[in-house]
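Me: I'd like to take a close look at one part of this protein with you. Could you walk me through it at the level of individual residues?

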Amino acid sequence: MKQRIGIIGGLGNEAMVDLVNKISRDPKHIEHEYLVFGNSRLAYKPEEVAQKWLPTDLPELRKYDTALYTLRLMQHLGSTAIGLACNSAHELFRGIMADIPVPFVDMLKETAATEAGQTKDILVMGVTSLMESGLYQQALAECGVSSFSPSGENQLKVMDAIYNTEFGIKTAQITPQAEQLLCDAISDEASRSSFNKVVLGCTELPLVLTPENVARFKANDMLPDYVEVIDASMVLAARLANAKGQAYELEVPMASFRRENLDWFLPFAVEVTSLTSLADVQNRIFDLTTQYAKSQNKAITGSYAHLPTLFFSRDAADVKEKLIQLDIEPVAEDDLTDERVLAALTQHFS
């Protein structure tokens with residue numbers, strides 16, 4: 001039986017595409033079916049970012065109810081293993097997955113396991129909430145590895161590189177300003193601490209710190225030559241390409257999981273023939289989103305602004321039937337037009 005690998009994105013759909021592209025480079029990826037849900041309603045709204053919220057505050061209640069529904073949908077659609085293209089949301093998803101029998105491929109724990117035996121400290125970079133949670137530090141400590149986070153000043157640089165509304169990675173662009181901020185943060189940490197590895201604990205960071213870019217940064221003296229970058233999303237991609245599990249039917253209807261604070265927008269669903277075509281379609285939607293937002297004098301100020309998208313392999317015929325039952329009308333990639341996307345964007349932005 002083919003595995004049906006479920007991937008949840010939306011807390012940065014660019015990072016979701018990056019993960020999909022990495023999986024597609026693994027020869028074993030062609031053995032599986034895929035279900036990829038870029039549910040941007042899982043993200044914080046722009047005004048909620050970088051604030052401290054209690055579990056009883058509305059943003060956290062909304063995220064919990066939306067994550068619960070999203071995960072149960074992935075189960076309902078037949079996922080045999082599930083991965084999450086976001087580091088900082090792992091704490092939330094771990095708690096919910098404890099009650100869901102489908103295997104969860106934990107990016108943080110899998111990445112930490114690759115560094116077992118490392119004797120030098122490791123610098124962990126990510127969003128402030130992840131740094132404060134200590135999730136990576138704990139995962140590394142369980143593997144016998146000590147780690148540390150950037151200084152307060154350098155953490156501000158990391159957050160600016162990710163979230164700045166003009167040049168941050170979350171604006172769906174890679175800019176020289178974001179590159180410089182991340183290089184400055186790493187270089188400054190290198191000037192004051194002894195380490196030779198950096199874990200990219202945010203799936204936006206590998207979009208800037210690609211192997212090619214890191215080589216360029218080192219050649220231009222923007223990064224120390226000895227620093228090695230550990231891409232957690234690359235680790236997750238390898239594990240998902242080789243994941244084995246099984247599907248479990250829901251014991252109750254999907255409607256049972258529609259809780260009070262669910263934030264739900266019907267995803268734009270596309271049936272695709274390959275992971276490569278999935279990435280192409282999502283990038284096309286990115287381009288149209290930018291064009292549409294500009295035409296309406298709107299800005300893409302974070303993940304929440306993106307259109308929720310859901311992709312599934314053409315071989316997974318039962319997925320289409322189940323989506324239609326949930327009032328989600330999929331379109332085949334060959335039938336996809338700019339007009340369809342723009343119609344969905346008009347509804348989304350309204």
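Which residues does Asn 213 touch, not counting residues up to four places away in sequence?

Reply: Happy to! Please keep in mind that this is a predicted model. Asn 213 touches Glu 179, Leu 207 and Val 208, once residues up to four places away in sequence are left out. You will find Asn 213 in helix α10, which spans residues 211–219. Its relative accessible area is 15%, so Asn 213 counts as buried, the cut-off being under 20%.

For some context, here are other helices of the model. In helix α3 (residues 90–97), the buried residues are His 90, Phe 93, Ile 96 and Met 97. Around the axis they cover an arc of only 130 degrees, so they sit on the same side of α3. Their packing partners are β1 (4–9), α2 (58–76), β3 (81–84), β4 (104–105) and α4.

That brings us to α4 itself. Helix α4 (residues 107–114) packs with helix α11 (residues 232–241) at an angle of about 100 degrees, and their axes are 9 Å apart. The two helices are therefore roughly perpendicular to each other. On the α4 side, the contact is made by Met 107, Glu 110, Thr 111 and Thr 114, while α11 contributes Ala 232, Ser 233, Val 235, Leu 236 and Arg 239. By type, the residues of this contact are four nonpolar, three polar and two charged.

How values were computed
Residues numbered from 1 in each chain as written. Predicted model: local features only at pLDDT ≥ 70, side-chain atom pairs only at ≥ 80, totals over all residues. Heavy atoms only, no water. Axes fitted to C-alpha atoms, helices over the stretch in contact; angles between N-to-C directions. Helix = DSSP H or I, 4+ residues; strand = E, 2+ residues; numbered from the N terminus. Parallel < 35°, antiparallel > 145°, perpendicular 65-115°, else oblique. Contact = heavy atoms within 4.5 Å. Nonpolar A, V, L, I, M, F, W, Y, C, P; charged D, E, K, R; others polar. Buried < 20%, exposed > 50% of the residue type's maximum accessible area, 1.4 Å probe, protein only. Arc of directions from axis to C-beta.
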